[in-house]
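Please look at the model before reading on.

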Number of protein chains: 2
Amino acid sequence: MEQNTRQRLIDATYEEVYSHGYQGAALANILSNAGVHKGSMYHFFPNKKEMALCAIKEKIAERFGTRYLAIARGDGDYLKHFFEGLRDLNQRDFRRGCPVANIVQEMSNIDEDFNTAMKEIYAKFRQSVKIIFDKAVSVRELQPCDTTKLALFTTSALEGAILAAKASGDSQDYLDCVECLIGYIESFRKK
Amino acid sequence: MEQNTRQRLIDATYEEVYSHGYQGAALANILSNAGVHKGSMYHFFPNKKEMALCAIKEKIAERFGTRYLAIARGDGDYLKHFFEGLRDLNQRDFRRGCPVANIVQEMSNIDEDFNTAMKEIYAKFRQSVKIIFDKAVSVRELQPCDTTKLALFTTSALEGAILAAKASGDSQDYLDCVECLIGYIESFRKK
DNA sequence: ATGCCACTTGACTGATCGGTCAATTATTTA
DNA sequence: TAAATAATTGACCGATCAGTCAAGTGGCAT
């Protein structure tokens, strides 16, 4: 009937893929959760894969926009806001883990289109963290340093921390990892 | 005919699951790669899931035994040997990523039995790294410190590093992360 | 009002999935 | 050697999967 239908499909697809992985995502579940019939879905998307790729790209871009880019657009205390975000458990779902890491792990070596999409998303993630560090350097919260590598290590350690909590089922593991990581970043603070 | 059949199934299952995930693992592929017929497989295992769990437990236990426990059983230079292992690209398959992380990401929140199995394996991984650090402390390569947390951070940062390389397709990302991690661990060295 | 087009409906298809089973062959035990 | 058990074979099953399609609906432009 409207654009509404497409958005409901995107939302339901994202949830289903986040919960069960791409390969475990059942079209029937997506359709019933979205309240959309099959033929209608194939009016908007050529197949399951394209719909999933759209859902991932759109929903995750949205997520990054509100989370990391918002910090960089702020006015100072970049590290403080970044660390606050890391420590905020409400931003995390440790049962399901990180949506980006899940898809990378599951699909990067299986499908070329997923590989390409996730490469872009992961690069964007690293880039947005690097921008935060660059801002921090520019206002002398950090010493001048290789912010590209620092962002690489930060993002990957963060992904690892989320994985650790998902594996153990204990969010304290995430917090412990994050404190180590913050300690590492703090060592680059301007003295 | 013999125990041989079971082992071929275990090996083929591990490879198939490592390559395509559990949900993407096709019984038909496993059987043809193992050169075993379907009925024969169901003589050794009750179903696909149990066979996969067996394969994961047996193959990964084997992996840890030869890799990390061997270092702890050595006689000194624990950190050096550990770091050498981390830097050795021959030990890694960045296309497929870490077998443990893959399954944790895919299955921990989907199936209780997988969750339990992966919890144990991940805990064993952390424990075996902790033992290396404890040894390092005992011979004064490291200052006395919270080796449990250090092992937690080390393992999770390592998983993150492998993921980063899998996402970008660039093993240099792994090496860069590992150098940061080693730098962090080195800061606990006895001075 | 008429024709057009975006959108919806849901039954249907063929392929593939994991799993079953009865019959057969090999191996061990007595 | 005979009986029992272990292992193998491959046809078969029902369920589920993504994807197709012809028919229908409703709004909008002419």
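## Cavities

A cavity is a set of points, on a 1 Å grid over the protein atoms alone, where a 1.4 Å probe fits but cannot get out. Grid points are joined across faces, edges and corners, and a volume is the space filled by probe spheres set on the points. The model is predicted: local features need pLDDT of at least 70, side-chain atom pairs count only at pLDDT 80 or more, and totals for chains, interfaces and linings use all residues. Residues are numbered from 1 along each chain as its sequence is written, chains are lettered from A and ligands numbered from 1 in the order in which they are written, and side-chain values use heavy atoms, without hydrogens and water.

The whole structure holds seven cavities of 30 Å³ or more. Helix 1 of chain B gives the most, six residues. By class, the lining has eight nonpolar, six polar and three charged residues. Nonpolar means Ala, Val, Leu, Ile, Met, Phe, Trp, Tyr, Cys and Pro; charged means Asp, Glu, Lys and Arg; the others, Gly among them, are polar.

## Chain A fold

Chain A has nine helices and zero strands. Both are DSSP runs numbered from the N terminus: helices are H or I, at least four residues, and strands are E, at least two. The C-alpha trace of chain A spans about 65 × 35 × 30 Å along its principal axes.

## The A–B interface

Contact (heavy atoms within 4.5 Å) joins 37 residues of chain A to 37 residues of chain B. There are four salt bridges between the chains, each a side-chain nitrogen of Lys or Arg within 4 Å of a carboxyl oxygen of Asp or Glu. One of them pairs A:Arg126 with B:Asp173 at 2.9 Å, N to O.

On chain A, the side touching chain B draws at least two residues from each of helix 1 (3-24), helix 6 (99-107), helix 7 (112-138), helix 8 (147-168) and helix 9 (171-186). Helix 8 of chain A supplies the largest share, 13 residues. That side of chain A divides into 16 nonpolar, twelve polar and nine charged residues.

Note on methods:
1 Å grid on protein atoms, 1.4 Å probe; cavity = no way out; pocket = protein on both sides within 12 Å on 5 of 7 lines; lining within 4 Å.
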